[in-house]
Amino acid sequence: MAKGQGAALDKKKLMADPVMVTTIVLLITFLSLFILYPLAILLVDSFIGDGGGLSFSVFSRIFKIPTFTTAITNTLKVGFMVGIIATAVGLLFAYVEVYVKMNRFAGGLFKVVSMLPVVSPPFVLSLSMIMLFGKAGIITRYLLKIYDNSVYGFWGIVVVQSLTFFPVCYMMFKGLLKNIDPSLEEAARDMGASRFKVFTSVTFPLLLPGIGNAFLVTFIESIADFANPMIIGGNYDTLATTIYLQITGAYDKAGAAAMAVVLLCITLAMFIVQKYVLEARSTATLTGKASRGRMLIEDKSVRIPLTTLCSLGALFVVMMYICVPIGALFPTWGFKFFPLTGKWFKLVFTRYNGFKAFKDSFMLSLIAAPITALLSMIISYLVVKRKFRSKAFIEAVSMLAMAVPGTVLGVGYIRGFSGGLFHTGLLQGLYGTGAILIIVFIIRSLPTGTRSGIAALRQIDKSIEESAYDMGADSFRVFTTVTLPLIKDSFLSGLVTAFVRSITAISAIILLVTPQYLLITVQINEFAEKGSFGLACAFASILILITYGAVLLMNLFIKYFGTSRKFKEAE
Amino acid sequence: MEKIKKGVRLEHISKIYTDPKTKNDFYAVKDTSITIDPGTFVTLLGPSGCGKTTTLRMIAGFESPDEGEIYLGDEPINSLTPNKRDTAMVFQSYALLPHYNIFDNVAYGLKLRKLPKEEIRDRVLKILDLVELTGMETRMTNQLSGGQQQRVALARALVIEPSVLLFDEPLSNLDAKLRVQMRTEIRRIQQEVGITAIYVTHDQSEAMAISDNIIIMDKGVVAQMGTPHQIYYNPVNEFVADFIGEANFLRGTMKGIEGNLAIMELNGQRFKVEYHEGMEEGRQYTAVLRPEASCLSDDKGVSCKVVLSCFMGSYQNYHVMVGDSLVRLEEYNPKNKKIYKVGDQCRLDFDPASVHVLPC
Ligand SMILES: Nc1ncnc2c1ncn2[C@@H]1O[C@H](COP(=O)(O)OP(=O)(O)OP(=O)(O)O)[C@@H](O)[C@H]1O
Ligand SMILES: [Mg+2]
């Protein structure tokens, strides 16, 4: 038995489709060059590094740097703590939303909480944390009269990251809980189990793989996070910040490369466990839509404490966000609150090149977003609808990008492109240009876009595209006249997500940006570092406004021009 | 539609798949050779998983055969992509393009061929008239009933005037009544256009009703190909006999010849069947007995015992044991006949000419 002829024919058919072949070749080149190559060069650098010749010398050197070994334990400690807290809080929110009858106000709060992380720049919570609870914090100093409170360090990072990442867990658990068939739990109730007992003996065990999944996802996000530890970490360095300082402070590029390899190994290992062990299992146990609506808990003794607790939590998060635009209006944060002033906004545009910063950030993101959205749709189309040899490669590499922390990618780009490809000078022109920033934006948003594209395409019956192909359309026509129109909504939201992610990106970008480009996020980071909270807040407020506007625009667009709803039911 | 009609020829076609669980390769279709004459309506019939869809998809070009060559007319088409093949497929799920209206769905293939606008319009309207959907051009696909969607799918395939029409269980999403109506419709249109059609189904009455030829498939191989008549009356093996209509099997040893009849023996009882060239005395044969071609009587035929007797309105349904073989039969118009009860000993009678014999 040999599949030789079939495989050969498949290949021949593929080759008869030049657009498809070109696309695949370009994609493979792009992914290899901008994801695999920078990571490979990190490995090469850290093993050859200082003396030339293959050795562990760089690794043994960095492991002798005490700040680095401390950073490893710090990172893991923070990741672990944040993983637990964010998972627990996310689960609580999801449980209350799915199981407990809520009033309109609480429901609205929940919606806001689930939306905030989408539009917020990464370090907004760190900023407001310092402004509310720091030495000169409104709450600590003026309400509680504590004069020497320090938010910098371990707990600062943990609180801020937990608040940043728990909405993601919340959304994950909401999906899982909704899929649990209520009759399972009703059966247990019926046999006399208390509500708490039902949760511990039925719901919780069903959720276990999902909990593991949420924990690891948060863990990875936490140890990859650069912005928050940078601003609120103080002397408490994590791997991401240590790597950054190793490059910008100690100018030790080989050392930074080796550190990046260490960080990458940690996230990669977690990612593999998460992706291949837990993700599959967490959905496998809970497939199928719930057959009936769930009886919501109306019992006051359960409802009131849970709803109140969550609403307070949600209000706290909302307050943290509101604090930023308000902070931009105070004359001097922590000392002089009145009268409110627009001077920081004015300064942003007059003294601190605000216009240029917004123009640069906006333009680069605006260029990156459509490319990202289109690329991720093309990748999803190839992965879901076509079969060819290198498909597994394309899928794996674009998912791999999800496990690569921005800082690691940044170091990889510095090492990989500053001296040209393999330090030969080839493609050297790329380094320091806007193009490389755009490419980083694209690579950083590609996995999310691809994932939602794949989910959208899986919903479309394979035979719809096949029928078009059968009628005489080539791959290009099938993609443009059938696939894209059918996933217009997913494409649009991919576009906006890519835009928002790009304009709020910092971790990789901060290592690669040249003075020629002023980026908003880099500005915010700089002013926050210097303690100019008024300016940082003013920049951040405008950034939030832009991202919120983009999301609003997208929703409007989908509402009026969206297609999916119209023919979802068509068979 | 002045076009030279083309037939389809499969020569030693095989398709190998890998079982996703065990990772073992297996033949989904094995060494299949079929010749389909131009202008005929041929049905691929067989139980679930026997490789019908796979065969059809290889003809359409979605799958590539691992062995053998497929010809359209005299042209080998193995290496052609689906969009370059002169075939059009009607899918089980209809696969209409949900973002286009009916007119645009039907016009899709013609637009790809860059025909002038007026010609596209003329041809689409003509085809929509043929499938009786005139006036529905501007509706969206989800504003049609299942049967109407099916007609659009058919119109869309017909309008590009392919050499061969392919159907993959096109009616399985419709209710029973509409299914009967649509199959007649499909047959009418096929004959009007005179196109070659290959039709996949696992519904035997559908196959009998519309085909010029039926191909019975079993576990990836062709078990028999012939007209509905040939397949019903001269099945080549027990599988085919059992799959088409109901069949009872009586195993016996041939004892002698009497004129043009052969004498068989089963548990010491003798019965007669039609003699075929090549039957040998002393060998075992299986007699294929159709339920409608046998009856119970008090004195004629082989002795048997009634184990089930059930009034069904238009017929009386019996199960009887002949030795240790179960025979099911239907006696029509039972009002004027003697009704046997469970436990009765009686005789099973049949016309030797309507019994088909298979070698064991
Ligand atoms: N892509 C595939 N990979 C592996 N095995 C496959 C694949 N497609 C089909 N098969 C297997 O090949 C065999 C034939 O499948 P096929 O779809 O041709 O059956 P069928 O005769 O059309 O059945 P049905 O009447 O249920 O539609 C089945 O055992 C099926 O499981
Ligand atoms: Mg099938």
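Which strands and which helix of chain B each supply at least two residues of the shell around ligand 1? They are strand E1 (8-18), strand E2 (25-36) and helix H1 (52-60). Helices (H or I, at least four residues) and strands (E, at least two) are DSSP runs, numbered from the N terminus.

This is a predicted model, in which local features need pLDDT of at least 70 and side-chain atom pairs count only at pLDDT 80 or more, while totals for chains, interfaces and linings use all residues. Residues are numbered from 1 along each chain as its sequence is written, chains are lettered from A and ligands numbered from 1 in the order in which they are written, and side-chain values use heavy atoms, with hydrogens and water left out.

The shell around ligand 1 holds 13 residues, a residue being near a molecule if one of its heavy atoms lies within 4 Å of it. The closest are Ser48(B), Gly49(B), Lys52(B), Thr53(B) and Thr54(B). H1(B) gives the largest share of the shell, 3 residues. By class, the shell has 4 nonpolar, 7 polar and 2 charged residues. Here Ala, Val, Leu, Ile, Met, Phe, Trp, Tyr, Cys and Pro count as nonpolar, Asp, Glu, Lys and Arg as charged, and the others, Gly among them, as polar.

For Thr54(B), the distance from a side-chain N or O atom to a ligand oxygen is 2.5 Å. The protein covers 62% of the 640 Å² of accessible area that ligand 1 has on its own, as given by the Shrake-Rupley method with a 1.4 Å probe.

The other topic is the interface of the two chains. In chain A, 34 residues are in contact (heavy atoms within 4.5 Å) with 46 residues of chain B. The buried area, meaning the accessible area (1.4 Å probe) that two parts lose on being put together, summed over both, is about 3400 Å², and carbon and sulfur atoms give 55% of that. Met1(A), Asp470(A) and Met471(A) supply 23% of the area that chain A buries against chain B, more than any other three residues.

Across this interface the rule finds 2 salt bridges, each a side-chain nitrogen of Lys or Arg within 4 Å of a carboxyl oxygen of Asp or Glu. One of them joins Glu63(B) to Lys387(A), with the closest N and O atoms 3.2 Å apart.

Notes: A polar contact is a pair of N or O atoms within 3.5 Å; within protein, one must be able to donate a hydrogen and the other to accept it, and residues adjacent in sequence count only if both atoms are side-chain atoms.
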